[in-house]
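Please open the structure in a viewer and keep the selection tool at hand.

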Amino acid sequence: MSEDTQPTGASGRPEGAGAVVVGGGLAGITAALALADAGVRVTLLEGRPRLGGLAFSFQRGELTVDNGQHVYLRCCTAYRWFLDRIDGASLAPLQDRLDVPVLDAEAKPGRRLGRIGRTALPVPLHLARSLATYQHLSLAERAKVGRAALALKALDLDDPALDDQNFGQWLAEHGQSERAVEALWDLVGVATLNAVAGDSSLGLAAMVFKTGLLSDPGAADIGWARVPLGELHDTLARKALDSAGVRTEVRTRVTSISPNENGRWSVQVPGETLDADTVVLAVPQREAHDLLPEGALDAPERLLEIGTAPILNVHVVYDRKVLARPFFAALGSPVQWVFDRTDASGLREGQYLALSQSAAQDEIDEPVAVLRERYLPELERLLPAARGAEVKDFFVTRERTATFAPTPGVGRLRPGARTRAPGLYLAGAWTATGWPATMESAVRSGVGAARAALGALGRPRDHLLTFEEAA
């Protein structure tokens, strides 16, 4: 059945130029919604049996498990728009004010807990009290952190030279000790960049810290889903797509994309060819490379040069409550960030903790038994209440290619939304959004691809979220 023969969508929109979006992650969902909201007839194709990409849920017995812990910040305006668009904002609320408990497993009793937070004072004074009382750093280290933060704030994010520089080296040149990197810069950077400072582009790191901590007092307030991610990124997203008149097909893998002689596009799936005026390719970079027609990019091999970085998630179910706060970050331990997922998972008795372990190259293929021997004692070190608790379940989830690697020089490898082939556009957190591989980057890329496509189709774009578009 050809795309041209599709009836008017459930929203009652009139027939118009057809678009096919390949990929049902956040980038693809966003592009499909943005196109449909402009009156374009859209088909969304996803190879998996669900939507949501790498931010999804699955069942494990009676538990509903997220494949990994995902958070966003108040400065993530595109993802917040996405939540509003699918009527999910109330299910993933933000903190009233940034507050991150930081437990140091190696500190003396009484000095194990530090906090990173903010006040309502203007930038950069909003962080002054927190930095002044952050006991995981010495007075001298705190002073040097303040000076480095001001130097970071002065960097020009539009300077392409920043992309080639190493963030770890920059920190060392600005007086940051190994302890300061561990207890502050990597505490934030590893979770947002999925890389330690020494493996990160200064450009991407500066973007994270300037936007998140040094742009607005509330920019770094943290939000996370209080329901399974699948309820947001699959159930509610599917409902929004249906309401917009988007034809959504899961378990449908695209095998080829090719231009027609009439200037349109043919998208091949098993047993069907879909015709479209516009195609948005919203899949990982290696899959995009394999699907791109010849000549669509000047140097398609660059997509294969974009490295990937893994994230490991460790899931532990205890027979009792061992953690009183919703989450914490850890120092002096292989544990990075720990979240209480009890209520969201549907667990009725005990407590379910999820450990998010970024930049996990050294652990991603470790056997579960090895990880169990490593992480259960560490949780007991950090949480005294866990020492007498029974472990009811222990399992891991692995995303070996969770994000693109934010290495120096990666910026020149990331393509923009437009290709050299008229009517063909790219979306994905790995494209040139200016952000690291986050949910925010994915949504921004979907908006950018839709904006470019709607401009070429002569369709309205005033409904789209406005932000600076990448080149």
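What follows is a sequence of selections, each with a description of what is found there.

**The whole chain**

Begin with the entire protein chain, bearing in mind that this is a predicted model. Colour by secondary structure: the chain comes to 13 helices and 19 strands. The radius of gyration is 23 Å, close to the 23 Å that the globule rule gives for 471 residues, so the chain is as compact as a globular protein of that length. Along the principal axes, the C-alpha atoms fill a box of roughly 70 × 50 × 40 Å.

Next, display the surface. The protein chain exposes about 19,400 Å², and carbon and sulfur atoms supply 51% of that area. Of the 471 residues, 58% are buried. Among contacts with a separation of 6 or more, 68% are between residues 24 or more positions apart.

**The annotated domain**

Select residues 26-453. UniProt, in an unreviewed entry, places the feature "domain: Amine oxidase" here. Over this range the chain is 32% helix and 22% strand, and the C-alpha atoms at its ends are 17 Å apart.

**G446, in a helix**

Select residues 439-457, which form helix α13, and then G446 within that helix. Is G446 buried or exposed? Its relative accessible area is 0%, so G446 is buried. Its contacts, apart from residues up to four places away in sequence, are A27, T30, A31 and A427.

**V254, an annotated position**

Move to the loop between β9 (247-249) and β10 (256-259), where V254 is placed. The unreviewed UniProt entry gives V254 the annotation "binding site". The relative accessibility of V254 is 10%, which is under the 20% limit, so V254 counts as buried. Which residues does V254 contact, beyond its neighbours within four places in sequence? They are V22, L45, V267, Q268, V269 and L291.

**R341, between a strand and a helix**

Select the loop between β16 (337-340) and α11 (342-345) to find R341. R341 is buried, with a relative accessible area of 5%. Show its surroundings: without counting residues up to four places away in sequence, R341 touches D66, Q69, W224, A225, V227, Y352 and A354.

Display the backbone atoms of V123 and P124. A cis peptide bond joins these two residues, with omega at about 0 degrees. P124 belongs to the loop between β7 (113-117) and α3 (128-132).

Then go to the loop between α2 (77-85) and β6 (99-104), which holds D87. The phi angle of D87 is near 60 degrees, a positive value in a residue other than glycine. With 65% relative accessibility, above the 50% limit, D87 counts as exposed.

Finish at A359, in the loop between β17 (351-358) and α12 (368-382). A359 also has a positive phi, near 50 degrees, and is likewise a residue other than glycine. At 23% relative accessibility, A359 counts as partly exposed.

Terms used. Residues are numbered from 1 along each chain as its sequence is written. This is a predicted model: local features need pLDDT of at least 70, side-chain atom pairs count only at pLDDT 80 or more; totals for chains, interfaces and linings use all residues. Side-chain values use heavy atoms; hydrogens and water are left out. UniProt positions are given in the numbering used here, feature names are shortened, and annotations may be inferred rather than shown by experiment. Helices (H or I, at least four residues) and strands (E, at least two) are DSSP runs, numbered from the N terminus. The radius of gyration is taken over C-alpha atoms; the globule rule is 2.2 Å times the number of residues to the power 0.38. Buried means under 20% relative accessible area, exposed over 50%, partly exposed in between (1.4 Å probe, protein chains only). Contact means heavy atoms within 4.5 Å. Accessible areas come from the Shrake-Rupley method with a 1.4 Å probe; for residues, only the protein chains shown count as cover.
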